[in-house]
Amino acid sequence: MITQRLGLQGLRARTSRNLLPLRNPRLNFRALTSTAQRFQDVFHAQTEDPNASAILSSLKTPSKTPQTLTEKIVQRYSLGLTEGKVVKSGDYVTLSPFHCMTHDNSWPVALKFMSIGASKIHDPRQIVMTLDHDVQNKSETNLKKYRQIEEFAKKQGVDFYPAGRGIGHQIMVEEGYAWPGTMTVASDSHSNMYGGVGCLGTAMVRTDAASIWATGKTWWQIPPIAKVTLTGVLPKGVTGKDVIVALCGLFNDDEVLNHAIEFTGSEQTMRTLPVDDRLAIANMTTEWGALTGLFPIDGMLQAWLRAKATTSALFDGKDTRFTHARIDDLIQNQLVADKGATYAKSLYLNLSTLSPYVSGPNSVKIATPLQDLEAKDIKLNKAYLVSCTNSRASDLAAAAKVFKEASGSGKPATIAPGVEFYIAAASIPEQEAAEEAGDWQALLDAGAKPLPAGCGPCIGLGTGLLEPGEVGVSASNRNFKGRMGSPDAKAYLASPEVVAASALSGKISGPGWYERPVGVEKVVLGEGNGIADEDRAISIEEALDKLIAQADSIIDSAEQNILGTSTATKEEVDDEALTAILPGFPEKVEGEIVFCDADNINTDGIYPGKYTYQDNVSVEKMAEVCMENYDPSFGSIAREGDILVSGFNFGCGSSREQAATAILAKKIPMVVSGSFGNIFARNSINNALMGVEVPRLVQRLREHFSSNNIKEWTDVKEPAENKESLDSPPPAQQASQVEEKVLTRRTGWKFVWDVRRSKVSVTEGEGGNTWSQKVGELPPNVQEIIARGGLEKWVKAEIANSS
């Protein structure tokens, strides 16, 4: 009988889950707005309401507008909200997160914190510091950095977890910092993991972290929100890792890029996903392209919390964040998405039709059923059971079970000759739980090589990295080329049991636990809720909306031909919802459009990597090399005061802030695109570069100027030093044209952004047509950051005002 990894398995009460001696004894820029639209039809863009303000209703005011779970949580942690309004997707808010975690990058954040004139952390209880990334590095340089972080943490009185205690994200969950119904951020891209326990987790760049340290707050724009409905139940032998690997590979056309995800499903379906599986799924929503991955606060989660509270009461005494009283309060004030809440899109996956899946090689967008890879007889060199994704005690138990079942004649089964198998627990408490169960020793007896609790091979640091030509399979979260070692190696991702079975057999294979349900022939997934009647209703509504839009377009076109003018929409004549303009902030921004016709222009194309880590690069030099890697002639074509317009996903890639400051150095005050890379969007506002998303403008420019060339794609490699930045996903591929084309073009078109009316107007050349449309609001709180010259200067002003 195969024991299934579901149900209440995650509720084990273990004496060593809390290790008292090892823990601290203390308890866009998107207007960098987006185009108004009834339905989200551009994956990269963010939905918005032109009448919305980032200064919205207080939590106590009853909401007449249905909200998603994401919006409700953000409402709780937004400051300065005016009475009677509610936050919604697209809004900018001043955010004071429940907690903010930094890891090995705590010292760079501390240097930025001190450079802006701060000396004392605003709220020490809000901050958590962990050391987890480079824990195997015993060099004096790294040890010095670790000492500096620990001394700084102790001086500031914040909770600190030393190297070897565990991975920061796991600590945030097991120590109760990531609490259901709260919002917690971290300076690491896998903060999404907190969504596995109903906590809205998202990544922040270093400047944001320094702002939170100094003032307790930063800004955030609520992303478009996607609902992912899970139906059916997981078959035997299928895990949460298979769910997210399948989602990444089967919905692989950027469907949820820069979205907040809310997972939902029936009580029966959600009971088949224990908390450990939810954590794995939420963790890898980062690789799927999302900014958050949130599970509901349901019965399964509540039972997990009760077990944690009982264990803590028995072994922790009063020093715990897990108490039954706190859980009672959570349940009595439980947050759920409202019926009728608006989602940018809806996707569904029938879990009953899912089988074990493997990701790769070298891309999460490639997902293959395990049985198909088994038939290819792919030989293996290295296997890894590491990372915050799948190295909890339940994962170690699943891997140990593979070897235990394969043992015969009293002899333990061992890994195949020529294979190296590395294991590292997500934290010390998880390792101790595995040791008590005998699973850790079973893996060691099989030949596994133990590593300290930390990130290690998952991020390409320490022992056991992939060598050129090798093949590896890992239970971690990211497998792009070169991530876990040589770029000439091949990396696959799979569940812990598949990793263990592969190490045992010497090739990619499974343990044989999967039992295909009767009648299942293929994976059932798609758009909608997966419920036929509801999806039919949605399709009818969308069809009617499309017909209405087409009719409006015909009428508008006819009036324009007859009268020479276009019909103004209700939104365009509604001047009652004007945005307040701070004194000194321009009501309008205008200039000639200079058009860079390409999608996926990455940060290396905007600001060359060879300058990124050079100190004291002058403003003049930054202006000179701006866009140099995209088009060497950009510098001679673009002029001061131009409006730079580009395609979709502008600024993808690394987190270098110079991509924004180099454009400002060129004295270009604003960028317009079809959509922005998320980190570039944050860095733009943080550095006072204005921007707005107008997909229609990109379309019109391409219709007028572009030829229909066939695109080819080339890989973009980040400089090695970029590992020091936010742990961001790999850059998107750079688009280039087979035929020679004009990369940078002066258009003669005029662009005007009316900030007060949240509207853009475009004149298509001298004597050409003029058209306008609503865009997202740039509220006063964001205006203030830009007017101050960026987030750092805003923080300095806040510090000065409070002193």
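This is a predicted model: local features need pLDDT of at least 70, side-chain atom pairs count only at pLDDT 80 or more; totals for chains, interfaces and linings use all residues.
An open sheet is built from five strands. Their order is β11-β10-β9-β12-β20, and the pairing is mixed. The edges are taken by β11 (292-294) and β20 (525-527). Each of these two has a single partner strand, so one side of each is left without a neighbour in the sheet. Between neighbouring strands of this sheet the average turn is 20 degrees, direction ignored. Within the sheet, β9 (residues 225-231) pairs with β12 (residues 345-350). The sense is parallel, and the pairing runs over six bridges. Thr231 stands opposite Asn350 in β12.

Ser391 sits in a loop that runs between β15 (382-385) and α12 (393-406). Its relative accessible area is 0%, so Ser391 is buried. Two backbone oxygens lie by the Ser391 side chain. That of Leu385 is reached at 3.5 Å. That of Ala424 lies 3.2 Å from a polar atom of the side chain. Neighbours within four places in sequence aside, Ser391 is in contact with Leu385, Val386, Leu396, Ala424, Ala425, Ala426 and Glu430.

Aromatic rings come next. A pair of aromatic rings is described by the distance of the centres and the angle of the planes. The model holds 18 aromatic pairs. One of them joins Phe113 and Phe152, with ring centres 6.0 Å apart. Their planes stand at 80 degrees; angles over 60 count as edge-to-face, so this pair is edge-to-face. Phe113 belongs to helix α2 (residues 106-115), and Phe152 to helix α3 (residues 140-156). The pair therefore ties together parts that are 39 residues apart in sequence. Phe113 is buried, at a relative accessible area of 0%. Phe152 is buried too, at 9%.

A further pair is formed by Phe650 and Phe680. The ring centres lie 5.3 Å apart and the planes meet at 85 degrees, so this pair is also edge-to-face. Phe650 lies in the loop between β22 (643-646) and α22 (658-665), whereas Phe680 lies in helix α23 (residues 678-686). Parts that are 30 residues apart in sequence are therefore tied together by this pair. Both Phe650 and Phe680 are buried. Ring pairs also link Trp107, Phe113, Phe152 and Trp213 into a cluster.

Arg321 lies over the face of Tyr177, 3.9 Å from the ring centre. Arg326 places its charged end over the ring of Trp179, at 3.8 Å from the centre.

Most residues other than glycine have a negative phi, and most peptide bonds are trans. The bond that joins Gly360 and Pro361 is cis, with omega about 10 degrees. Pro361 lies in the loop between β13 (357-359) and β14 (367-369). Asn362 lies in the loop between β13 and β14. The phi of Asn362 is near 60 degrees, a positive value in a residue other than glycine. Asn649 likewise has a positive phi, near 60 degrees. Its place is in the loop between β22 and α22, where Phe650 also lies. Asn649 has a relative accessibility of 8%, so Asn649 counts as buried.

Definitions and conventions. Residues are numbered from 1 along each chain as its sequence is written. Side-chain values use heavy atoms; hydrogens and water are left out. Two strands pair if DSSP finds at least two bridges between them. Helices (H or I, at least four residues) and strands (E, at least two) are DSSP runs, numbered from the N terminus. Axes are lines fitted to C-alpha atoms, for helices over the stretch in contact, and angles run from 0 to 180 degrees between N-to-C directions. Buried means under 20% relative accessible area, exposed over 50%, partly exposed in between (1.4 Å probe, protein chains only). A polar contact is a pair of N or O atoms within 3.5 Å; within protein, one must be able to donate a hydrogen and the other to accept it, and residues adjacent in sequence count only if both atoms are side-chain atoms. Contact means heavy atoms within 4.5 Å. Rings of Phe, Tyr and Trp (its six-membered ring) pair if their centres lie within 6.5 Å; planes under 30 degrees apart count as stacked, over 60 as edge-to-face and the rest as tilted. A charge sits over a ring if NZ of Lys or CZ of Arg is within 6 Å of the ring centre and within 35 degrees of the ring normal.
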